[in-house]
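Here is a short report on one protein chain. Look over the sequence and the model first, then read on.

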Amino acid sequence: WEVATVEGSAPGPRSAHSAVMTPKKEIVIFGGYDGERMCSLNDVWVLDLVRLRWFRPEVNKPGTTAAPSASQPGPRCWHRATVIDSGRRMLVHGGTNYAPDGGICESDIWLLDLETWRWSKQATTMGPGVEYESLMRLSHGLTTLRRRGDGSCVVALYGGYGTAGMAGTDVLLLDVATWRWSVVERPVPVGSDGGPGTLADFSSI
């Protein structure tokens, strides 16, 4: 290990944020928790790994058509993010606007265009067996997968915490072509070589 010398203004200390890698060799950081101010964040920072330089993109710059009341996700931490569309957009799901006086477990989907730096909120539908409460997650796993055959893209969600504590062991898939959630049927029970049990605060790639 070695400490890298990085140029530019860096983001402030935080935890429980998300970080994704783009095809342009940039790490995009969103949100998190500021322990000093005891509040959640919703800022976007980028680390250029080629130039070793931090920069803060101008998000929803003047001239875009995003509505001011819903132009970007609210402050949150313990959310999850992944890239879709061959790295052209970042998808953010769930998390909580944690604060000392409590917080709300989110289920929303937000997309950030990594070329224009414009946020948009994405509506989704639920297939058979998917309940709204099951989409309210924090500290879960979220990753982008490609189906064999047609190469279509889905986002897989697993584990974490929900509104009633630890979430179940169900695997949910979000088809980014139709924006429809579905449940994966397990061939064998959990614990019988059918996958892990309940998990939270883990990494998925």
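Where does Leu-52 lie? Leu-52 sits in a loop, with strand S3 (39-48) on one side and strand S4 (53-55) on the other. The model is predicted.

## Overall make-up

The protein chain has 15 strands and 0 helices. Of its 205 residues, 40% are buried. The accessible surface of the chain comes to about 11,400 Å². Carbon and sulfur atoms hold 53% of that surface.

Residues 24 or more positions apart account for 51% of them.

## Strand S15 and its partners

Which strand pairs with S15 in the antiparallel sense? Strand S14 (residues 171-175) does, over 4 bridges. Within this pairing, Leu-172 stands opposite Val-183 in S15. S14 and S15 form a hairpin, and 4 residues lie between them. Trp-179 is in the turn and has a positive phi of about 55°.

S15 (residues 180-183) also pairs with strand S9 (residues 125-126). These two strands run parallel and are joined by 2 bridges. Here Thr-125 stands opposite Arg-180 in S15.

Terms used. Residues are numbered from 1 along each chain as its sequence is written. This is a predicted model: local features need pLDDT of at least 70, side-chain atom pairs count only at pLDDT 80 or more; totals for chains, interfaces and linings use all residues. Side-chain values use heavy atoms; hydrogens and water are left out. Two strands pair if DSSP finds at least two bridges between them. Buried means under 20% relative accessible area, exposed over 50%, partly exposed in between (1.4 Å probe, protein chains only). Contact means heavy atoms within 4.5 Å. Accessible areas come from the Shrake-Rupley method with a 1.4 Å probe; for residues, only the protein chains shown count as cover.
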